[in-house]
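Student: I would like to take a close look at the salt bridges of this model, and I would be glad of one connected account.

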Amino acid sequence: MDHGVRRGRIVARLGELEVDALLVTRLPNVRYLTGFTGSNGQLLIATSGERFFTDGRYIEQSRHEVPGCERAIYLGELGEPLASACADLGVARLGFEDRDVSIRQHAMLGEALDGVELVAAGAPVDRDRWVKDADELRLLREAQACTDRAFDDVLDRLVLGMTERQVALEIDQAIRRAGGDDLSFESIVAFGDAAAEPHHRPGHRVLEEGDVITMDFGALYDGYHADFTRTVAFGEPPAELRKIHDLVREAQQAAIDAIAPGVSGGTIDDVARSTIAHAGYGERFTHGLGHGVGLEIHEGPNFARSGADTIPEGAVMTVEPGIYIPALGGVRIEDMVEVTADGATVFSTSTRELIEL
């Protein structure tokens with residue numbers, strides 16, 4: 001990955017932001033622009049140069065991971081070394097990521113940066129991350145491949161009497177066996193009527209004949225996340241849940257078919273939502289259709305009701321319609337897709353037909 005090219009795009013936009021430099025503090029953005037994977041790092045990007053800041057724990061790690069930036073190692077607060085860098089680089093107006101900087105941090109910076117005006121700059125790096133480059137697409141595809149392998153592995157291990165927590169543990173282990181570095185997020189496993197809760201936390205419920213099983217999980221691979229959901233049947237499911245599964249699959253495919261660069265996220269959401277509403281289940285689809293995925297499990301752009309995000313070519317997004325019926329259960333099917341010039345390409349190779357175990 002050419003992190004210098006990414007930083008160059010930010011330099012080119014400093015004039016548009018009406019600042020001399022941008023202070024990047026959100027760790028996913030720091031990683032995106034430098035390759036740094038530690039837990040404390042900040043980046044100053046100015047028209048006249050760059051400076052990377054971290055603490056003494058990461059002297060050697062930052063030397064290896066951030067070779068293209070001058071580094072400043074500090075022991076206390078960021079303010080003093082940042083003030084020195086701003087003086088060296090001639091920064092009079094400093095933009096900051098206002099989504100990330102707290103009131104306390106803003107006060108600290110204002111006190112330390114005497115003579116430097118702090119300017120709320122929005123989230124310019126987050127927006128750049130919407131479009132994935134070739135290296136990012138490769139890592140996201142590998143994360144999904146690990147997830148697909150883990151799904152097949154877990155299906156072979158499901159038996160009567162297992163608890164939701166035991167299945168969640170099986171998913172964790174399967175992801176690591178499949179080559180993933182870690183879980184993308186805490187796995188959702190829901191049996192039977194618990195599948196009516198979109199974000200159910202795995203508990204001690206025991207798997208019984210006739211239960212549906214919703215599993216929402218993903219592998220983390222070299223910093224990039226996968227996000228994937230399947231609802232399968234353990235034995236013969238209730239007839240209504242079989243009907244709902246077919247409808248959710250139909251709604252997902254309709255949305256995938258409608259994806260194209262330049263279309264609004266709200267338009268794509270409406271395609272899936274209308275399909276479900278026309279079948280009488282509109283009030284049971286209770287969340288947005290999908291979101292961007294990359295260095296974070298949830299990032300822009302979004303497929304959301306009345307969403308104004310314009311979907312660009314190169315975005316990687318989830319498409320995850322669901323229907324949830326209290327006291328009965330629910331169905332969600334989720335896949336990541338790449339937005340291409342011709343539409344959308346699904347990453348997962350796992351079937352979207354109802355699997356009956």
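Student: Which residues are linked in a network of salt bridges? Please set the individual pairs beside that network.

Tutor: In this predicted model, the network of salt bridges links Arg26, Arg99, Asp126, Arg129, Lys132, Glu296 and Glu299, and the count of salt bridges comes to 34. Among the individual pairs is that of Arg177 with Asp153, whose closest N and O atoms are 2.9 Å apart; this pair links distant parts of the chain, with Arg177 in helix α9 (residues 164-177) and Asp153 in helix α8 (residues 134-155), 24 residues apart. Arg177 is partly exposed, having a relative accessible area of 44%, whereas Asp153, with a relative accessible area of 17%, is buried, because the cut-off for buried is under 20%.

Another pair lies within one helix: Arg249 and Asp246 are three residues apart in helix α10 (residues 239-258), which means that about one helical turn separates them, and their closest N and O atoms are 3.5 Å apart. Both partners are partly exposed, Arg249 at 24% relative accessibility and Asp246 with a relative accessible area of 38%.

A further salt bridge joins Asp335 to Arg352, with the closest N and O atoms 4.0 Å apart. Because Asp335 lies in strand β18 (residues 335-340) and Arg352 in the segment after β19 (343-346), this pair ties together parts that are 17 residues apart in sequence. Here Asp335 is buried, with a relative accessible area of 0%, while Arg352 counts as partly exposed at 22% relative accessibility.

Definitions and conventions
Residues numbered from 1 in each chain as written. Predicted model: local features only at pLDDT ≥ 70, side-chain atom pairs only at ≥ 80, totals over all residues. Heavy atoms only, no water. Salt bridge = Lys/Arg side-chain N within 4 Å of Asp/Glu carboxyl O. Helix = DSSP H or I, 4+ residues; strand = E, 2+ residues; numbered from the N terminus. Buried < 20%, exposed > 50% of the residue type's maximum accessible area, 1.4 Å probe, protein only.
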